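Subject: Structure handover

Hi,

Please find the structure below. My notes on what I found follow.

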Amino acid sequence: LSGGFGSFYLGRGLAPSFMPGVLANPFAASTTVSPLLVHMYVPSAHWVTTVPADTVWPNQIVYTTPNIYGLKATLQYQLGEIPGDNGKKNVGGNLIYTKDALTLTAFYESAQIKNFPPISYSGTTKKDWMISGAYDFNVVKTYLSYGQSKADNNPSKAKTTQIGVSIPIFTSGKILGSFAETKRDVVDTSRKTLTVGYDYNFSKRTDVYAVAMSDKLTNTTTGNSFLVGIRHGF
């Protein structure tokens, strides 16, 4: 339902954190090679994600303001409806500003529900936020973001900083690079991830890419990944 007042959306849709995260790094929506999104969303045996409620929230109510001089604000409320959940829910929102070469974003989430199947109560309330900016100088586009995450049942905060660049080269190609570091203060551990790559667009819908990624957590060996591929959008 949309009009001059903005829009209301009901059902399954993006989490408050997702679009700000995508706009904040040169690898966009890739949860495979974007250091920022890997830290935010991809769990492993050695890693607890900084964003607890995944990239998509089902069963939610969303309101987005109209575009006001380049600024849009979104408020979101996810109903739990889990048997015996006693009113557990996720709430959050984001701000996205785009004007000429400048992009600014911010988000906040207070989450009690995990949206990784099966959907369930996480056992605590976890709050996370991030602010970010990007500026296109034509010869290079730069990215910078900073955020924090903390669960009510854990005294440790996770603090994430990310920087990135996108450099146009050879008309339709771009050199991409991004580095993210997340530090957990009380337990004194960190994760550092660096990704560099080259992306070439054959057309508006088809591109080829080559990417190298290095990932290091405290007290673990470094993981190195290399990817080549081709994508076609339908």
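**Strand pairing**

Strand S10 (residues 173-184) and strand S11 (residues 189-201) pair in the antiparallel sense over twelve bridges. Two strands count as paired if DSSP finds at least two bridges between them. Helices (H or I, at least four residues) and strands (E, at least two) are DSSP runs, numbered from the N terminus.

Before you read on: this is a predicted model, so local features need pLDDT of at least 70, side-chain atom pairs count only at pLDDT 80 or more, and totals for chains, interfaces and linings use all residues. Residues are numbered from 1 along each chain as its sequence is written, and side-chain values use heavy atoms, with hydrogens and water left out.

Back to S10 and S11. Ile-175 has Tyr-198 in S11 as its bridge partner. The hairpin of these two strands has four residues between them. Asp-188 in that hairpin takes a positive phi near 55°.

S11 also pairs with strand S12 (residues 206-217). The sense is antiparallel, over eleven bridges. Asp-199 stands opposite Tyr-209 in S12. S11 and S12 form a hairpin too, with four residues between them.

Strand S6 (residues 102-114) pairs with S7 in the antiparallel sense, over twelve bridges. Leu-102 has Tyr-135 in S7 as its bridge partner. The hairpin of S6 and S7 has five residues between the strands.

S7 then pairs with S8, again antiparallel, over eleven bridges. Here the bridge partner of Lys-126 is Ala-151 in S8. Four residues lie between the strands in the hairpin of S7 and S8.

In a regular strand the side chains alternate between the two faces of the sheet.

Gln-112 sits in strand S6. Is Gln-112 buried or exposed? Gln-112 counts as buried, because its relative accessibility is 14%. The cut-offs are under 20% relative accessible area for buried, over 50% for exposed, and partly exposed in between (1.4 Å probe, protein chains only).

Gln-112 has contacts beyond its neighbours within four places in sequence. Among them are Gly-87, Lys-88, Lys-89 and Asn-90. Ser-120, Tyr-121, Ser-122, Thr-124 and Thr-125 are also in contact with Gln-112. Contact means heavy atoms within 4.5 Å.

**Backbone points to check in the loops**

Most residues other than glycine have a negative phi, and most peptide bonds are trans. These spots in the model are worth a look.

- Pro-117 to Pro-118: the peptide bond is cis, with omega near -5°. Pro-118 lies in the loop between S6 and S7.
- Asn-138: phi is positive, near 75°. Asn-138 is in the loop between strand S7 (120-136) and strand S8 (141-151). Asn-138 counts as exposed because its relative accessibility is 64%. Asn-59 is 79 residues from Asn-138 in sequence and 41 Å away in space, C-alpha to C-alpha.
- Tyr-69: phi is near 55°, a positive value in a residue other than glycine. Tyr-69 is in the loop between strand S3 (56-64) and strand S4 (71-79). At 76% relative accessibility, Tyr-69 counts as exposed.
- Asn-219: phi is positive, about 65°, although Asn-219 is not a glycine. The loop between S12 and strand S13 (223-232) holds Asn-219. Asn-219 is exposed, with a relative accessible area of 74%.

**The chain as a whole**

How many helices and strands does the protein chain have? Two helices and 13 strands.

The C-alpha atoms fill a box of roughly 55 × 55 × 30 Å, taken along the principal axes.

Of the 234 residues, 43% count as buried. Among contacts with a separation of 6 or more, 46% come from residues 24 or more positions apart.

The protein chain exposes about 12600 Å², and carbon and sulfur atoms supply 62% of it. Accessible areas come from the Shrake-Rupley method with a 1.4 Å probe; for residues, only the protein chains shown count as cover.

Best wishes
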